[in-house]
Amino acid sequence: MTDSQLEEFRYDVAHYLLSKMSKGSQFQIALDRVLKQIEHCTEEELAEMAPSELPKHRKQRDKKAKGF
C-alpha cells in the first residue's frame, strides 16, 4: 500500500468510526482536538480569539463537598 493509499484508508476508517459515535462523543473529540491546538497560546492570544462576551477569567468554584 502506498503512502497516499494508506492516508486515504486512514481517512475512511476515521470517518467510519466517527459516524458510529454519538453527537456528544463527536463534539468531545472535536473539543479535545481544538484544546490541543491552542494549548500553546498565551493569555493575550486567547483573548484575541475569544468573543467579547466570554469572561477572561472564570471564578474558581468552591470545591468543598456539601456533605450528605
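A residue is called buried under 20% relative accessible area, exposed over 50% and partly exposed in between, with a 1.4 Å probe and protein chains only. By this scale Val13 counts as partly exposed because its relative accessibility is 34%. The model is predicted, so that local features need pLDDT of at least 70 and side-chain atom pairs count only at pLDDT 80 or more, while totals for chains, interfaces and linings use all residues. Residues are numbered from 1 along each chain as its sequence is written, and side-chain values use heavy atoms, with hydrogens and water left out.

The chain contains three helices and zero strands, giving the pattern α-α-α along the sequence. Helices (H or I, at least four residues) and strands (E, at least two) are DSSP runs numbered from the N terminus. Of the 68 residues in the chain, 1% are buried. The accessible surface amounts to about 7300 Å², and carbon and sulfur atoms account for 57% of this surface. Accessible areas were computed by the Shrake-Rupley method with a 1.4 Å probe, and for residues only the protein chains shown count as cover.

Helix H1 spans residues 3-19 and includes Glu7; Val13 also lies in helix H1. Val13 belongs to a nonpolar surface patch of about 540 Å², together with Met1, Phe9, Tyr16 and Leu17. Patches are built from residues with over 30% relative accessible area and no salt bridge, joining nonpolar side chains (Val, Leu, Ile, Met, Phe, Trp, Tyr) within 5 Å and like charges within 9 Å. Met1 is located in the segment before H1 and counts as exposed because its relative accessibility is 70%. With residues up to four places away in sequence not counted, Met1 touches Leu6 and Phe9, a contact being heavy atoms within 4.5 Å.

A patch of negative charge on the surface is formed by Asp3, Glu7, Glu8 and Asp12. Asp and Glu count as negative and Lys and Arg as positive, whereas His and the chain ends are not counted. Each charge is placed at NZ of Lys, CZ of Arg, CG of Asp or CD of Glu. Within this patch, Glu7 counts as exposed because its relative accessibility is 56%.

One salt bridge is present in the structure, defined as a side-chain nitrogen of Lys or Arg within 4 Å of a carboxyl oxygen of Asp or Glu. The salt bridge joins Lys36 and Glu39, whose closest N and O atoms are 3.4 Å apart. Both Lys36 and Glu39 are exposed.
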